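Biologist: I have the model open and would like to go through a few places with you. Could we take them one by one?

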Amino acid sequence: MVGLQVTVERRAPRAAGAVGVIVPARGAVPREIPLSRAQLAAMGFEGKSGQVASIPGRGGAIVVAVGVGDPRALDAAALRTVAAQMARAAASHAHLATDLATHGRGDRAAIAQAVVEGLRLATHRYDALKGDKGATPALAHVSLVAPAAAQAALRRGVARGTTIADAVCLARDLANMPPAYLTARMLADRAVALAGATGLRAEVFNKDQLLAMGCGGMIGVNQGSVEPPRMVRLTYAAGGRGKRPHLVLVGKGVMYDSGGISLKPSDPSHAMMKADMSGAAAVLATMASLRALGCRADVTGYLMCTDNLPSGSALKMGDVITIRNGKTVEIHNTDAEGRLILADGLSLAAEQEPDAIVDIATLTGACARALGPHMAGVMGNQQGIVDQLLAAAGRTQEKLWQLPLEREYRKMIDSYIADMKNVGGADAGAITAALFLDEFTDGRPWAHLDIAGPMWADADGGWLQRGATGYGTRLLIDLAEHFTAP
């Protein structure tokens with residue numbers, strides 16, 4: 001993937017049209033700024049956290065100044081955001097030079113990684129269908145200026161940051177693509193190509209195979225679409241001697257979700273439903289990065305891909321379907337389709353007897369309403385795997401909040417003609433959805449990520465850009481890299 005180029009240099013190249021500096025709220029002003037603190041304050045720039053100013057500098061370069069408040073608070077997470085702010089402010093310049101990666105506390109390679117993530121994620125745009133590319137940032141090259149002693153660590157961080165940011169941008173691009181540009185078959189083809197390029201094994205299962213396998217959730221949800229479903233299984237083998245921990249990731253891949261017979265209203269949220277495959281996109285992007293990052297756990301990824309559309313053959317309320325593990329489900333809402341395809345994926349995952357299973361899905365509006373647009377919900381049947389996800393969230397700034405898997409609510413999805421219903425009523429929708437999914441884990445350690453809130457951003461901000469966010473990609477990469485059997 002081609003994106004912003006980041007290199008490590010001993011000094012700022014003469015070609016740099018912009019120089020990026022951080023300015024604390026107190027103390028000396030960086031020498032690159034030919035103004036006093038009083039002069040900066042007079043123009044409304046006091047070095048407060050989040051403030052940005054472009055100032056004519058020495059030698060014709062523009063100085064992009066980013067306020068950081070108290071510099072003692074700068075860690076890798078804070079510097080990721082500062083890098084994003086700097087990149088946005090320098091977007092009209094082709095080349096930026098900055099010593100940003102030499103600031104902050106903590107491991108220097110980790111700081112460089114965070115800086116690169118902030119730079120590349122803030123400047124990424126999905127512009128494949130735009131004739132006018134004027135909104136795309138001109139910034140093409142950033143030089144991270146550092147003394148010789150720090151350069152080896154910075155280069156390691158740059159390499160990791162580039163790989164991880166590229167994975168997020170891949171997930172964003174996939175989720176931003178209109179439905180006609182990315183069907184289930186197209187995503188499967190894309191996954192096979194990526195697998196060949198990144199050292200993965202790819203297996204693709206078509207409609208007839210899914211039917212023979214008893215994947216009634218996939219077949220049922222797909223009934224209303226002229227586009228056939230696809231399930232993709234990706235396998236990463238870490239190599240090396242001895243038994244390695246095995247993690248399975250299952251991603252919801254509803255390529256377009258109309259709600260089926262339970263048709264969604266024609267509103268802005270419906271227009272976002274091309275991104276209802278964000279979970280599968282995050283799993284694919286994660287899997288494609290593991291070899292380059294040297295992940296030491298074995299990881300399997302399932303992409304559960306289909307449309308959910310209304311037609312004369314579509315799934316109906318009152319229908320009963322049979323999931324891969326033999327459990328029957330009465331349909332009370334065809335717009336609660338994600339849990340049906342995940343049920344098949346979780347059943348298959350459990351059959352592999354892994355150390356843990358994690359599913360990721362844009363699953364419920366209830367979770368989005370509870371936690372808002374910047375935080376996903378996590379629930380699970382084993383605290384050890386939930387704790388590993390919460391730790392990964394802390395390291396990556398992909399926020400998670402644990403919700404209770406309240407067993408008393410299981411009766412809300414009871415059905416009088418089948419093993420269960422696919423919805424539980426108006427209350428506790430995120431929890432009852434998770435309780436439904438737990439029925440298909442066969443008791444294996446499992447956690448569920450409901451990313452309905454943070455999967456989309458309405459405006460640029462920090463290292464997020466408008467549109468699909470690629471949320472969960474960095475979180476799952478971090479989980480896989482640190483994974484231990486719970």
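Biologist: Where does Ile417 lie?
Modeller: This is a predicted model, and in it Ile417 sits in the loop that runs between β15 (400-402) and β16 (420-421).

Biologist: Is Ile417 buried, exposed or partly exposed there?
Modeller: Ile417 counts as partly exposed, because its relative accessible area is 48%, and the exposed class begins over 50%.

Biologist: Staying with Val320, what is its bridge partner in β12?
Modeller: Val320 is bridged to Glu330 in β12; β11 and strand β12 (residues 328-330) run antiparallel and are joined by three bridges.

Biologist: What is the strand order in the sheet with β11 and β12?
Modeller: The order is β11-β12-β16, an open sheet of three strands with mixed pairing. Its edge strands are β11 (320-322) and β16, each of which pairs on one side only.

Biologist: Changing topic, how many residues of strand β9 are buried?
Modeller: Eleven of the twelve residues in β9 (residues 246-257) are buried, which leaves the strand mostly covered.

Biologist: Now the helix with Arg120: which one is it, and what does the side chain of Arg120 contact?
Modeller: Arg120 belongs to helix α3 (residues 108-123), and its side chain makes a polar contact with the side chain of Asp166 at 2.4 Å. Arg120 is buried, because its relative accessible area is 7%, where the cut-off for buried is under 20%.

Biologist: Why is α3 described as largely enclosed?
Modeller: Because 14 of its 16 residues are buried, α3 is largely enclosed by the rest of the structure.

Biologist: What span should α3 have, and how far apart are its end C-alpha atoms?
Modeller: At 1.5 Å a residue, the 16 residues of α3 should span 22 Å, and the end C-alpha atoms are 23 Å apart, which agrees.

Biologist: What does Asp107 reach at the start of α3?
Modeller: There, a side-chain oxygen of Asp107 comes to within 3.2 Å of the backbone nitrogen of Ala109.

Note on methods. Residues numbered from 1 in each chain as written. Predicted model: local features only at pLDDT ≥ 70, side-chain atom pairs only at ≥ 80, totals over all residues. Heavy atoms only, no water. Helix = DSSP H or I, 4+ residues; strand = E, 2+ residues; numbered from the N terminus. Buried < 20%, exposed > 50% of the residue type's maximum accessible area, 1.4 Å probe, protein only. Pairing = 2+ DSSP bridges. Polar contact = N/O pair within 3.5 Å; in protein donor to acceptor, adjacent residues only side chain to side chain. Expected span 1.5 Å × (residues − 1).
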